[in-house]
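User: Got a structure here that I'd like to go through with you. Can we take it piece by piece?
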Amino acid sequence: FQDSKGFMWFATYGGLCRYDGHQIRVFESKETDSVTISSVDCAAICEDQTGTLWIGTDGAGLNAYDPATDKFRRYIARPGDTTALSNPFVRTLYEDRAGNVWVGTSHGLNRLSYEPDGSVKVMRFKSNRTDTIAISDKWVQAISEDESGCLWIATLGGLYRYDPKEDRIIRARLDCEREGPKGYDVTRSLARGKDGILWVGTFEM
């Protein structure tokens, strides 16, 4: 991942690495130091509009890195707390055009947004309408946004489309899907071409 300043970042299972064009820095994790990254098992990276770098880990939640202070802030999953991450295993990160950071985990989707005072609000995502399909228990693999502002969410239980204007989420059926255990309903990756076409990577179970 290349950030807005040109640094190259690598999420590895041996730590978070940054390459400045000359040398590689590996960020250490110290359990007793809360301003270090929460784990060396890194799985996803995203930069938001404020320049904050978000790093998802495999089992230790989410981290926000402030380049100005060279410090991390940890966002840990707490099962009984609906204002915390739904799961500590972060699989994908995505910032939409409104500045929200979406966090896909092994058990549900979360939305991060900035409050007026600069603090970050974590919300476990569920559509407010009762006639929509919940994805709160889905393993989220990838997220993309189309030209209309709708989000496409790839999960191990299929592809979903979320319309923020209608606050409505629907299951999107793919032509390659089949009924039964041999179906292609496991969606693994998303890529959008310059022509706006969304490409969906699937996996046959």
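User: What does the accessible surface of the chain come to, and what share belongs to carbon and sulfur atoms?
Analyst: The accessible surface of the chain is about 11200 Å², and carbon and sulfur atoms account for 49% of that. Areas come from the Shrake-Rupley method with a 1.4 Å probe, and for residues only the protein chains shown count as cover. Before going on: this is a predicted model, where local features need pLDDT of at least 70 and side-chain atom pairs count only at pLDDT 80 or more, while totals for chains, interfaces and linings use all residues. Residues are numbered from 1 along each chain as its sequence is written, and side-chain values use heavy atoms, with hydrogens and water left out.

User: How many helices and strands?
Analyst: There are 0 helices and 17 strands in the chain. Both are DSSP runs numbered from the N terminus: helices are H or I with at least four residues, strands are E with at least two.

User: What percentage of the residues is buried?
Analyst: Buried residues make up 43% of the 205 in the chain. Buried means under 20% relative accessible area, exposed means over 50%, and partly exposed is in between, with a 1.4 Å probe and protein chains only.

User: How many bridges between S1 and S2?
Analyst: S1 and S2 (residues 15-19) pair over 5 bridges, in the antiparallel sense. Two strands pair if DSSP finds at least two bridges between them. Phe10 stands opposite Cys17 in S2.

User: Since a cysteine came up, how many disulfides are there?
Analyst: A search of the whole structure finds 0. A disulfide here is a pair of cysteine sulfur atoms within 2.5 Å.

User: Different spot. Which strand holds Asn110, and is Asn110 buried or exposed?
Analyst: Asn110 is in strand S10 (residues 108-114), and it is buried, with a relative accessible area of 0%. A polar atom of the Asn110 side chain lies 3.0 Å from the backbone nitrogen of Ser86. A polar contact is a pair of N or O atoms within 3.5 Å; within protein, one must be able to donate a hydrogen and the other to accept it, and residues adjacent in sequence count only if both atoms are side-chain atoms.

User: What does S10 form with S11?
Analyst: S10 and S11 form a hairpin with 5 residues between them, and Gly118 in the turn has a positive phi of about 95°. S11 (residues 120-124) runs antiparallel to S10, joined by 5 bridges. Ser113 stands opposite Lys121 in S11.

User: And Arg124, which backbone oxygen does the side chain reach at 2.7 Å?
Analyst: That of Asp81. A polar atom of the Arg124 side chain also lies 3.3 Å from the backbone oxygen of Leu85. Arg124 is in strand S11 and counts as partly exposed, at 24% relative accessibility.
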